[in-house]
Amino acid sequence: MLGSSESFWSSDTNADPCGSNIPLVRTDRNYTFVAKTPYRVSFTGDIPYFHRIDNHYAEKLYEYEEKASELTLPVTYNLKKLFRRAFPFLKWFPRYKVKTWIIGDLLSGISVGLLTIPLSLAFAVCAGEPAVNGVYTSLVTTILYCLLGTTQHLSYGMSAVTALLIAKSTSHIEAEESASDSDCSPKCSRELHVATLTCVSGIILIFMGVFCVSFLRTCISKPVMLGFRAGIALHLLIIFLRILLGIDGTVHHGPLSLFYSSKDIIVNTNKINIFSVIMGLTTLAFLAPFKVINCTYSRHLIPVEFIAIAVSMCLSFWLELEQRYNISLINNYPFTLPKPILPSFSLITSVAADAVAMALVTFAVNISIGSEDSKKHNQSYRSHQETIVLGVCDLLLAFLGTFAASGVWEQSMVQEKAWGQTQAAGLIAAGLSLIALLCAKSLLPLVPKAVLGAIAIVNLGWYFKFFWKYCFVCKKRKYEFLVAIITFLAVCLLDIDIGLGVGIIFSILLTLHRLQSPSIAILGHIPNTENYIDLSLEKTAKEIVGIKIIKIFHSIYYGNVDYLLSRMKVKVNCYPRRNSGSDNKLYSEEDKYNMLMESTQFLALGENALKRMNNTVVYRRKISNQTAVVHTVILDCGSVSFVDDEGANALINLFKKYQGVGINFVLAGCSSRVLKTIQQMGYFKATSQSCTFSSIHDAVLFSLQQAAERNQSAQGSKCILETNGEMLTQCEDIEIKTDASNSTNEAFGPEERDENISDQRTDIKSAMPRVIEYESAL
């Protein structure tokens, strides 16, 4: 690849179909020229064809051909395609494979439906709303998502997030109702407030989807969502623990609400209902082992939650639990379907802040669940359309007189695990919810609150399990671990919406900090290969004597230039070669030549030669803790994606700094984008650098060749060994000068010294050393 030809093209040239070669990077001894590669376009059928095409442009070409072909189709085809995109069920429903998918969808739908009913009841009780409204919300949103949703396993319904946000938003209404006049109708208070809140939240989500604001999902990392879920689980644990103990009272919301709620439980321990505790603990003991079995072994889940609900209703009817044992049932509200209602425009200003918080939090939850599912199943995820679907669901629920919904993580996991293939599983789950609503008036009022609390507490184990599992895995990755812990603490100490915002902002700031602190590593050469790897990762890698290879793992821009320069100063800790006199004081010519041959492994030294080299001062200095003399610094830019103006100036300053102390500074592995940028910034003109290299190995060989030329010129040798990969010219005579006063030969006597030098010359000549010389004159 390298030789003494008159011209040299790095990275090879790519053959052009027209017969010409288009060079990428041209290197010679006078200048470096980064050629712009013009794309020659020939139009055939009004579709461009790119001669030098790679995978990226192949995809672009395919998209262009598809769009161009659509232009020639009738308008009805485009409208049909647009209609299918707006209603995704038109894609999978006509192609539904009954024999293949029906069993999985049936099992998944039954499992999800039997889990949706108790969870919807529990979360509605947590929100302080009628329990039947939770099932009604799950029914409407499940059907709507089956028609408009794009993911297969995402399940909508009444969730813990919306329950907590609604409870927080309506916590002040009871006090206002008691202080207000008696002429105020019921719809002027809680129901109207919740409907307006849900309507405004839906409008915000629709605007976010239409204006493509859902790109903000890139700011929501996995550690943030895991910490957020664990914080929500802790909030729900305190609320449902209070319900399980049978303690009545107000539920606290806002900052430090966990401490106030825990304090109320401790203060009101004398009000604990022992029968409610017994029923709740019995339900927990029944549910816990089956949940473990479902999570670990069972594919189609055992509906333990629905069994617990059915058994508790039978016991409540036969034993009269409310009258005899004072166990609270979910019969505080009439079990009738909510009536349609119009949101109040006068309440928009009062619910605006809570509506924005609800829209952003439910958006984050939905995006997290949907993106995780799509990545797991290698499917495309349309975040903009999913945001619009969520907004449409909230808008419809507001006019139906119920409250907002979002994706439910527990139900989505069950739908995926139980062989769910399409959104038809959601339709089956909606059918079970409809049956529950038809029987709501006679059966659902018999469900004890303690049983609902136990069901919710058992399902919270999903949140804590994944959170702690991820945190233990991320202990070695301190940044992810720190983000998850900070988000969890913020959600617990502050509120769920404020805590999520704190977690996202902290994650962004931490990412910016990591970008401003680029990782730098010293690379070493793996023997008998052309590979270079971090010295801390590979024990067999060895640092080449006289050369420092530094690798940067981030881009070079204004934010990390100062940090980069300081780290480079620490990494390149060397004695610079200021002049030839100081160089000769440290090295004899024999030692220089032997170390050059050994470091490049082009000379197979014999055992006697290695023993003699072990006694030299330079070799002892090399293996000691002191820093050896460096004549070249190679900067590996293979991981650098872009360089800005300040980054290019920093590279120029590094070159001048090292050149001033006699050290060569070389760039290697630069991408075409980086090369183009630094050329435009005047790097090659300012440094008068004549070479750039596509690989580290090329740069190392070039640097060693320059060192060999200096050594040979100092020794006065008649020729320099060279090879171009095919032809090798053997050196006729290599003259090795020795210093009589050099400490290298003090260990030997005069006769032994002459004999050793003679043997060393024989070893060097017999080994036929091969040194690569770069010749790139055009």
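# Notebook: loops, rings and patches

I started at Leu-256, which sits in the loop between H9 and H10. My helix labels are DSSP runs numbered from the N terminus (helices are H or I with at least four residues, strands are E with at least two).

Before going on, I noted that this is a predicted model, where local features need pLDDT of at least 70 and side-chain atom pairs count only at pLDDT 80 or more, while totals for chains, interfaces and linings use all residues. Residues are numbered from 1 along each chain as its sequence is written, and side-chain values use heavy atoms, with hydrogens and water left out.

**Entry 1**

I found another case in Glu-320, which is not a glycine but has a positive phi of about 50 degrees. Glu-320 lies in the loop between H12 and helix H13 (321-325), and its 37% relative accessible area makes it partly exposed.

Which distance separates Gly-246 and Ala-450 in space, C-alpha to C-alpha? I got 7.2 Å, although the two are 204 residues apart in sequence. Gly-246 is partly exposed, at 21% relative accessibility.

**Entry 1: rings**

Next I checked the aromatic rings, and there are 14 aromatic pairs. Rings of Phe, Tyr and Trp (its six-membered ring) pair if their centres lie within 6.5 Å; planes under 30 degrees apart are stacked, over 60 edge-to-face, and the rest tilted.

I took Trp-92 and Phe-93: their centres are 6.0 Å apart and their planes at 80 degrees, so this pair is edge-to-face. Trp-92 is buried at 13%, whereas Phe-93 is exposed at 55%. The pair Phe-286 and Phe-290 is tilted, with 5.3 Å centre to centre and 50 degrees between the planes. Both lie in helix H11 (residues 274-296), 4 residues apart, about one turn of the helix. I also saw ring pairs linking Trp-92, Phe-93, Tyr-96 and Trp-101 into a cluster.

**Entry 2: surface patches**

My patch rule: residues have over 30% relative accessible area and no salt bridge, with like charges joined within 9 Å and nonpolar side chains (Val, Leu, Ile, Met, Phe, Trp, Tyr) within 5 Å. A salt bridge is a side-chain nitrogen of Lys or Arg within 4 Å of a carboxyl oxygen of Asp or Glu. Areas come from the Shrake-Rupley method with a 1.4 Å probe; for residues, only the protein chains shown count as cover.

Which helix gives the largest share of the nonpolar patch? I found that H12 does, with 6 residues. Members include Phe-286, Ile-293 and Trp-318, and the whole patch has about 790 Å² of accessible area together. Ile-293 is in helix H11 and is partly exposed at 36%.

I also found a surface patch of positive charge made by Arg-217, Lys-222, Lys-375 and Arg-477. Lys and Arg count as positive and Asp and Glu as negative, with His and the chain ends not counted; the charge is placed at NZ of Lys, CZ of Arg, CG of Asp or CD of Glu. Arg-477 is in the loop between helix H19 (461-473) and helix H20 (478-493), and it is partly exposed at 41%.

Definitions and conventions:
Buried < 20%, exposed > 50% of the residue type's maximum accessible area, 1.4 Å probe, protein only.
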